Amino acid sequence: MSYDIQHDQSARRFETTVDGEHCLLDYTLADGVANCVMTITHTEVPAEVGGRGVASALVQAALDAARKHGWKVIPACSYADAWMKRHAGYGDLRL
């Protein structure tokens, strides 16, 4: 399923609304030695819309943005960490 995910760079957040429920992924951004480092700190999907792949779509959107900007990623959020382990194509982003 496809979701309309917005990237609010000033809030350091990816978000979407599904059936009236606000879903989000928060991150921090720090300058690293060679490039910026995105630390994914939190994903939140209300139970009412859970199990639909929303968190997966949020993580993928965040990692696609990291790749586009040349950022490395620290998946501090347990869901994001597990997601990256299941999707080897994003392993090159992991710091």
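Thr 43 lies in strand S4. This is a predicted model, in which local features need pLDDT of at least 70 and side-chain atom pairs count only at pLDDT 80 or more, while totals for chains, interfaces and linings use all residues. Residues are numbered from 1 along each chain as its sequence is written, and side-chain values use heavy atoms, with hydrogens and water left out. Helices (H or I, at least four residues) and strands (E, at least two) are DSSP runs, numbered from the N terminus.

Is Thr 43 buried or exposed? With a relative accessible area of 17%, Thr 43 is buried; the word buried stands for under 20% relative accessible area, exposed for over 50%, and partly exposed for what is in between (1.4 Å probe, protein chains only). Apart from neighbours within four places in sequence, Thr 43 is in contact with Leu 24, Leu 25, Val 59, Cys 77 and Tyr 79, where contact means heavy atoms within 4.5 Å. One of these residues, Leu 24, stands opposite Glu 44 in S4.

Two helices and five strands make up the chain, and along the sequence they follow the pattern β-β-β-β-α-β-α. The five strands form an open sheet with the order S1-S2-S3-S4-S5 and mixed pairing; two strands pair if DSSP finds at least two bridges between them. Strand S1 (6–8) and strand S5 (72–75) stand at the edges with a single partner strand each, so one side of each is left without a neighbour in the sheet. On average, neighbouring strands of this sheet are turned by 25° against each other, direction ignored. Here, axes are lines fitted to C-alpha atoms, for helices over the stretch in contact, and angles run from 0 to 180 degrees between N-to-C directions.

The pairings can be followed across the sheet. S2 and S3 pair in the antiparallel sense over six bridges, and Glu 15 has Leu 24 as its bridge partner in S3. The hairpin of S2 and S3 has two residues between the strands, and in this hairpin Asp 19 takes a positive phi near 50°. In which sense do S3 and S4 pair? Their pairing is antiparallel, over eight bridges, and Tyr 27 has Ile 40 as its bridge partner in S4. S4 and S5, in turn, pair in the parallel sense over four bridges; here the bridge partner of Val 37 in S5 is Lys 72.

The helices come next. H1 lies across S1, S2, S3, S4 and S5 and runs at about 150° to S2. H2 lies across S4 and S5, at about 120° to S5. In the loop between H1 and S5 sits Gly 70, which is partly exposed with a relative accessible area of 35%. Gly 70 and Asp 8 are 62 residues apart along the chain, and their C-alpha atoms are separated by 18 Å.

What fills the inside? A nonpolar core is a set of buried Ala, Val, Leu, Ile, Met, Phe, Trp, Tyr and Cys residues joined through side-chain atoms within 4.5 Å. The largest such core has 25 residues, of which Phe 14, Leu 25, Met 38, Ile 40, Leu 63 and Val 73 touch the most other members. Strand S2 (13–18), strand S3 (21–31), strand S4 (36–44), helix H1 (54–69) and helix H2 (78–86) each supply at least two residues of this core. H1 gives the most, with eight residues. Not counting residues up to four places away in sequence, the residues that Phe 14 touches include Ile 5, Cys 23, Leu 25, Met 38, Leu 58 and Ala 62.

Finally, some values describe the chain as a whole. Of its 95 residues, 38% count as buried. Among contacts between residues at least 6 apart in sequence, 42% join residues at least 24 apart. The C-alpha atoms fill a box of roughly 40 × 30 × 20 Å, taken along the principal axes. For 95 residues, a compact globule would have a radius of gyration near 12 Å, and the 13 Å of the chain agrees with this; the radius is taken over C-alpha atoms, and the globule rule is 2.2 Å times the number of residues to the power 0.38.
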